[in-house]
Amino acid sequence: MSVPFHHEATVTEPEAVVALFHQIGVRFSIDPTSPGLSYRQCYDGDARLTVVRLGLNGPFSSWGDTEVFGVADVRASRYDWRTRDEAGSGVGSPVLFRPGHPALIVGGALEVTNINLTRGLVQEVADTVYGVHTSVAFTSSRPVTERLGQYWTDLTGMARDTVDSGAFAEPLVRADLTRHLAVAMLECFPLAGDRHERTLSMEAQARRYRIAVAFFDDFASLPITVEDAARAADTTTEALVRAFRAHHPAGLAPVQYLRRTRLAAAHADLLEADPTAGDTVREIATRWGFAHPGRFAAAYRAAYGVPPRWTLER
């Protein structure tokens with residue numbers, strides 16, 4: 001997970017606005033159509049996601065292309081956009097800007113939140129979630145439905161709240177938000193290809209994930225492997241890894257989930273153990289498949305904040 005950043009700036013010259021655009025991967029020019037330009041930009045993010053809030057005080061036109069997939073959620077009296085093959089208004093409906101699709105925007109004074117995701121991230125999430133390795137290509141800048149457009153707007157608000165709360169600085173929070181936004185972008189805006197096929201793929205992955213989780217939870221005390229779980233879910237190990245990456249909240253791989261399940265079981269045993277009766281950390285760790293005492297102690301401390309011996313001798 002890359003290091004997060006925060007930048008704020010207010011400028012009054014078009015060239016400075018363009019420079020700020022470029023910082024977030026948006027290669028647009030701008031032409032204010034009234035004097036007294038004032039533009040402010042505040043953005044938070046990392047190497048894969050940026051949450052950008054910007055404001056402009058008067059009418060303008062802007063045109064160019066983008067290096068990232070970005071969705072604009074706009075508050076303005078006017079925000080008309082046009083690409084080579086479609087046009088519309090961004091007032092009341094989010095707009096997707098796509099690499100390779102130059103756009104023209106004509107608008108008035110506005111407040112905008114842009115969610116920008118790198119092409120590599122969107123492709124990675126699409127490969128994982130759908131299990132279909134084809135290049136991501138959106139067929140429109142408009143949401144699939146009005147309801148999904150509203151869902152994106154609500155999610156944009158959640159992203160702003162996450163930034164404002166300070167939680168965005170936490171790697172796990174940021175990773176979860178990034179994945180949530182990427183999946184939402186893939187679902188809220190029309191993708192090229194067979195939507196029904198993608199839905200079936202997602203349903204199959206969810207089923208495999210649920211079966212494998214239940215298998216690990218039920219049989220963690222036995223000498224099971226990830227391959228056993230894949231067979232229980234009627235799939236391959238590679239497909240099961242994709243299913244876990246797509247559906248586990250922390251994106252754990254199956255082997256990590258099994259290890260965490262066994263660590264939790266060892267923790268429960270340590271809480272119930274009696275050192276005066278001869279119970280030891282080594283015996284409990286070995287029972288749950290942890291052959292190396294030092295590695296078990298390190299994993300335990302990372303998960304529970306104390307050495308396993310403290311739990312045994314509490």
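Colleague: Where is Asp-234 placed?

Modeller: Asp-234 sits in the loop between α6 (226–232) and α7. Those labels come from DSSP runs, numbered from the N terminus: helices are H or I with at least four residues, strands are E with at least two. This is a predicted model, so local features need pLDDT of at least 70, side-chain atom pairs count only at pLDDT 80 or more, and totals for chains, interfaces and linings use all residues. Residues are numbered from 1 along each chain as its sequence is written, and side-chain values use heavy atoms, with hydrogens and water left out.

Colleague: Is Asp-234 buried or exposed?

Modeller: The cut-offs are under 20% relative accessible area for buried, over 50% for exposed, and partly exposed in between, with a 1.4 Å probe and protein chains only. Asp-234 has a relative accessible area of 65%, so it is exposed. Its phi is also worth a look: near 55 degrees, a positive value in a residue other than glycine.

Colleague: What does the pLDDT average for the protein?

Modeller: pLDDT is the predictor's confidence in each residue, from 0 to 100. Here the average is 92, and 98% of the residues score at least 70. Where pLDDT is low, the predicted coordinates should not be read in detail.

Colleague: How many helices and strands does the protein have?

Modeller: There are 11 helices and 11 strands. The protein comes out at 25 Å, well over the 20 Å that the rule gives for 314 residues, so it is more spread out than a compact globule. The C-alpha trace spans about 85 × 40 × 25 Å along the principal axes. Buried residues still make up 46% of the 314.

Colleague: Which residues is Leu-270 in contact with, leaving aside its neighbours within four places in sequence?

Modeller: Contact means heavy atoms within 4.5 Å. Leu-270, in helix α8 (residues 254–272), touches Val-281, Ile-284, Phe-296, Tyr-300, Pro-308, Thr-311, Leu-312 and Arg-314. Leu-270 has 0% relative accessibility, so it counts as buried. From Leu-270 to Val-281 is 11 residues in sequence and 7.4 Å in space, C-alpha to C-alpha.

Colleague: And Val-129, where does it lie?

Modeller: In helix α2, and it is buried, with a relative accessible area of 6%. Beyond its neighbours within four places in sequence, Val-129 is in contact with Val-183, Ser-201, Met-202, Gln-205 and Ala-246.

Colleague: How much space lies in the largest pocket?

Modeller: Picture a 1 Å grid over the protein atoms alone: a cavity is a set of points where a 1.4 Å probe fits but cannot get out, a pocket is an open set with protein on both sides within 12 Å along at least five of seven lines, and lining residues have an atom within 4 Å of a point. The largest pocket holds about 560 Å³. It has 22 lining residues, and the closest to its centre are Arg-48, Ala-175, Arg-179, Ala-250 and Gly-251. The elements giving two or more residues to that lining are α2 (119–130), α4 (171–188) and α7 (237–247), with the largest share, six residues, from α4.

Colleague: What volume does the largest cavity have?

Modeller: A volume is the space filled by probe spheres set on the grid points, which are joined across faces, edges and corners. The largest cavity has about 320 Å³. Of its 21 lining residues, Phe-21, Leu-54, Tyr-79, Ile-105 and Asn-114 are the closest to the centre. Strands giving two or more residues include β4 (49–56) and β11 (110–117), and β11 supplies the largest share, four residues.

Colleague: Which residues is Leu-56 in contact with, again leaving aside neighbours within four places in sequence?

Modeller: Leu-56, found in strand β4, is in contact with Ile-30, Leu-37, Ser-38, Tyr-39, Ala-109 and Leu-110. At 6% relative accessibility, Leu-56 counts as buried.

Technical notes
The radius of gyration is taken over C-alpha atoms; the globule rule is 2.2 Å times the number of residues to the power 0.38.
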